[in-house]
Amino acid sequence: MGAGAARRCLLGLLVAAPAAAAAGTADRYPVFTDEGLATGRAIWVENCMTCHGYGIAGAPDPNKAKAWAHRLEKPRETLYDHALNGFFGPDGTMMPARGGNAALSDAEVKRAVDYMAAVARRANDKVRAETDQHPNTNP
Ligand code: HEC
């Protein structure tokens with residue numbers, strides 16, 4: 001199946017998915033005081049959470065430390081590039097350009113990336129803190 005068909009398939013899934021699950025969003029998706037991150041959150045909740053909040057189509061959930069540890073090591077410019085232009089990862093999963101919303105500006109997409117990276121960083125810091133306290137556990 002070509003990328004176009006895969007995309008249509010994905011969009012079909014999305015229509016059927018979330019919306020109902022907005023409750024509890026504030027816990028999982030904190031509102032950071034930084035103004036850029038606050039804007040990023042709004043863009044992310046609107047455009048990116050549909051996949052990334054639920055692991056749909058293999059989208060990495062920013063609250064899952066392991067899904068993001070190696071991505072946080074990529075230069076931020078690389079993450080921006082993959083979000084803006086789309087990306088096929090090694091597992092054959094696909095990030096569509098601009099999350100499929102061509103109307104988003106470069107700046108908006110970058111803010112959403114910054115927000116998702118901040119949530120992922122928080123999840124990774126938490127695991128690290130827990131691992132430090134319990135050196136024998138393997139999260
Ligand atoms: C249709 C589902 C979908 C939507 C909507 C979506 N993504 Fe993704 N995204 C994915 C998938 C799947 C991956 C994993 C790609 C891979 O690594 O194989 C991904 C990966 C990423 C990555 C990591 C790229 C890397 O190099 O590891 C970033 C950053 C990202 N998305 C940003 C966004 C932003 C910002 C939005 C909203 C504007 C968004 N995504 C919306 C599916 C989606």
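A residue counts as buried here if 20 or more other C-beta atoms lie within 10 Å of its own. Arg-98 has 20 C-beta neighbours inside 10 Å, so Arg-98 makes the buried class. Keep in mind that this is a predicted model. The protein chain holds seven helices and two strands, and 23% of its 139 residues count as buried.

**Fold and confidence**
- Going along the sequence, the elements run α-α-α-α-α-α-β-β-α.
- Of the contacts between residues at least 6 apart in sequence, 63% link residues at least 24 apart.
- Mean pLDDT for the protein chain is 86, with 78% of residues at 70 or more.
- Helix 1 (residues 3-16) has the lowest confidence, a mean of 55, while helix 6 has the highest, at 98.

**Around the ligand**
- The ligand has 32 residues around it, and the ones that come nearest are Cys-48, Cys-51, Gly-89, Met-95 and Gly-99.
- Two or more shell residues come from each of helix 4 (49-52), helix 6 (76-85), strand 2 (94-95) and helix 7 (106-133).
- Sorted by class, the shell is made of 18 nonpolar, 10 polar and four charged residues.

- As a rule, nonpolar side chains in soluble globular proteins tend to be buried together.
- In this model, the largest nonpolar core has 19 residues, and Trp-44, Cys-48, Ala-112 and Met-116 have the most contacts inside it.
- At least two core residues come from each of helix 3 (35-47), helix 4, helix 5 (65-72) and helix 7.
- Helix 7 gives this core its largest share, eight residues.
- Skipping neighbours within four places in sequence, Met-116 touches Trp-44, Cys-48, His-52 and Pro-62.

**Helix 3**
- Helix 3 is 13 residues long and spans 18 Å from first C-alpha to last, close to the 18 Å expected at 1.5 Å a residue.
- Its buried residues include Gly-40, Arg-41, Ile-43 and Trp-44.
- For a helix in general, there are 3.6 residues a turn, so residues three or four places apart point the same way.
- Within helix 3, Gly-40 and Trp-44 are both on the buried list.

**Val-113, a residue of helix 7**
- Val-113 sits in helix 7 and is buried because 21 other C-beta atoms lie within 10 Å.
- Apart from neighbours within four places in sequence, Val-113 is in contact with Leu-79, Tyr-80 and Ala-83.
- His-82 is 31 residues away from Val-113 along the chain, yet their C-alpha atoms are separated by 9.9 Å.

**Two backbone spots to check**
- Most residues other than glycine have a negative phi.
- Ala-57 is not a glycine, but its phi is positive, about 60 degrees.
- Ala-57 belongs to the loop between helix 4 and helix 5, and it is partly exposed because it has 17 other C-beta atoms within 10 Å.
- Arg-98, also not a glycine, has a positive phi near 55 degrees.
- Arg-98 is found in the loop between strand 2 and helix 7.

Technical notes
Residues numbered from 1 in each chain as written. Predicted model: local features only at pLDDT ≥ 70, side-chain atom pairs only at ≥ 80, totals over all residues. Near = placed C-beta within 6 Å. Helix = DSSP H or I, 4+ residues; strand = E, 2+ residues; numbered from the N terminus. Nonpolar A, V, L, I, M, F, W, Y, C, P; charged D, E, K, R; others polar. Buried ≥ 20, exposed ≤ 12 C-beta atoms within 10 Å, placed from the backbone. Contact = placed C-beta atoms within 7 Å. Core = buried A, V, L, I, M, F, W, Y, C linked by C-beta atoms within 7 Å. pLDDT = per-residue confidence, 0-100. Expected span 1.5 Å × (residues − 1).
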